[in-house]
Amino acid sequence: MRVFERPGPVNTDEIVNLVGEKSNFVKDIVVASITGESAVKIAQNITNKTIICVTCPQGMYWEIDQMEKDVFSDIPELKDIKNNWVQEGLHRVPMSITEKNRVILDQLNVKIVQGTIPFFGPSFSMRLHLRQVTSLDVIAKTLELISPGTLVCLESVLMSTDAGVVPEGELVLACAGTERGLDTAWIMRSCASANMFHPSKGFRFVELLAKPGIALQPDINIEYLR
């Protein structure tokens with residue numbers, strides 16, 4: 001297992017190389033990629049596997065005026081991204097695949113999955129707008145103790161299976177990061193979200209390939225997302 005000195009996009013290239021080394025063990029590679037950039041890097045590096053890009057559901061934005069704390073102030077690369085947005089006079093940036101990356105992903109035959117995030121759908125609205133923490137929040141924050149990317153890897157595999165892109169019961173290589181880029185990679189056994197806790201065919205964490213040594217946890221209310 002590779003343990004990174006710190007979280008964030010600085011580890012993306014190493015994750016891309018690691019995924020290439022470990023891809024012989026799987027048929028499908030699931031990449032959590034908000035803008036499509038990380039998925040493009042994986043797909044350009046690995047040409048003999050099915051690559052799935054899992055992105056955010058419609059209507060999610062980075063609220064730049066709320067980024068004075070948390071990971072966008074603590075991780076240098078994310079701070080630079082935020083500062084560039086501020087210099088451009090932006091206040092809200094859509095969390096979606098760019099048109100340029102969408103064209104490239106299509107050319108590379110990458111499948112795109114966009115849907116409700118299992119641990120970040122109605123429960124997020126309940127937490128933020130009703131001030132009510134649910135059991136899903138507890139599960140999510142527990143997984144983030146390993147790394148935020150661990151939670152996102154799980155969610156991405158569930159979403160890909162629910163969408164019918166990945167079959168149930170298959171070993172999948174999943175990678176994700178802390179807001180942008182990649183810093184976490186797992187081999188996981190897929191399942192539909194409705195079967196997550198099934199005693200025999202449910203989801204399983206199989207092998208942790210890489211993670212930040214000490215991960216940064218976003219605040220439970222995540223004020224910079226809407």
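Predicted model: local features only at pLDDT ≥ 70, side-chain atom pairs only at ≥ 80, totals over all residues.

Colleague: Let's start with leucine 78. Which helix is leucine 78 in?

Modeller: Leucine 78 belongs to helix α4, which covers residues 76-87.

Colleague: And is leucine 78 buried or exposed?

Modeller: Buried: the relative accessible area of leucine 78 is 0%, and the cut-off for buried is under 20%.

Colleague: What does leucine 78 touch, leaving out residues up to four places away in sequence?

Modeller: Leaving those out, leucine 78 touches Pro9, Val71, Phe72, Thr178, Glu179 and Arg180.

Colleague: How far is leucine 78 from arginine 92, C-alpha to C-alpha?

Modeller: Those C-alpha atoms are separated by 15 Å, with the two residues 14 apart along the chain.

Colleague: While we're on arginine 92, which ring does arginine 92 lie over?

Modeller: The ring of tyrosine 61. Arginine 92 lies over its face, at 4.2 Å from the ring centre.

Colleague: OK, switching to lysine 27. Where is lysine 27?

Modeller: Lysine 27 is in the loop between α1 (12-22) and β2 (28-32). With a relative accessible area of 56%, lysine 27 is exposed.

Colleague: What does lysine 27 touch, again without residues up to four places away in sequence?

Modeller: On that basis lysine 27 touches Lys49, Thr50, Glu170 and Leu171. In space, lysine 27 and valine 172 are 7.0 Å apart, C-alpha to C-alpha, though 145 residues separate them in sequence.

Colleague: Now the aromatics. How many aromatic pairs are there?

Modeller: The count comes to five aromatic pairs. One of them joins tryptophan 62 and tryptophan 85: the ring centres are 5.2 Å apart and the planes sit at 40°, so the pair is tilted.

Colleague: Which parts does that tryptophan 62 and tryptophan 85 pair tie together?

Modeller: Tryptophan 62 is in strand β4 (residues 61-63) and tryptophan 85 is in helix α4, so the pair ties together parts that are 23 residues apart in sequence. Tryptophan 62 and tryptophan 85 are both buried.

Colleague: What about phenylalanine 203 and phenylalanine 205?

Modeller: Their ring centres are 5.1 Å apart with the planes at 80°, so that pair is edge-to-face. Phenylalanine 203 counts as buried at 6% relative accessibility, while phenylalanine 205 is partly exposed at 34% relative accessible area.

Colleague: Which residues form an aromatic cluster?

Modeller: Trp62, Phe72 and Trp85 form one. Phe72 is also among the residues that leucine 78 touches.

Colleague: Last topic, helices. At what angle do α2 and α5 pack?

Modeller: Helix α2 (residues 37-45) and helix α5 (residues 99-107) pack at about 25°, with their axes 10 Å apart. That makes α2 roughly parallel to α5, because the cut-off for that is under 35 degrees.

Colleague: Is the crossing of α2 and α5 left-handed or right-handed?

Modeller: Left-handed.

Colleague: And which residues of α2 and α5 meet?

Modeller: From α2, Glu37, Ala39, Val40 and Gln44 meet Asn101, Ile104 and Leu105 of α5.

Note on methods. Residues numbered from 1 in each chain as written. Heavy atoms only, no water. Helix = DSSP H or I, 4+ residues; strand = E, 2+ residues; numbered from the N terminus. Buried < 20%, exposed > 50% of the residue type's maximum accessible area, 1.4 Å probe, protein only. Contact = heavy atoms within 4.5 Å. Phe/Tyr/Trp six-rings, centres within 6.5 Å; stacked < 30°, edge-to-face > 60°. Lys NZ or Arg CZ within 6 Å of the ring centre and 35° of its normal. Axes fitted to C-alpha atoms, helices over the stretch in contact; angles between N-to-C directions. Parallel < 35°, antiparallel > 145°, perpendicular 65-115°, else oblique. Left-handed = near helix turned anticlockwise from the far one by under 90°.
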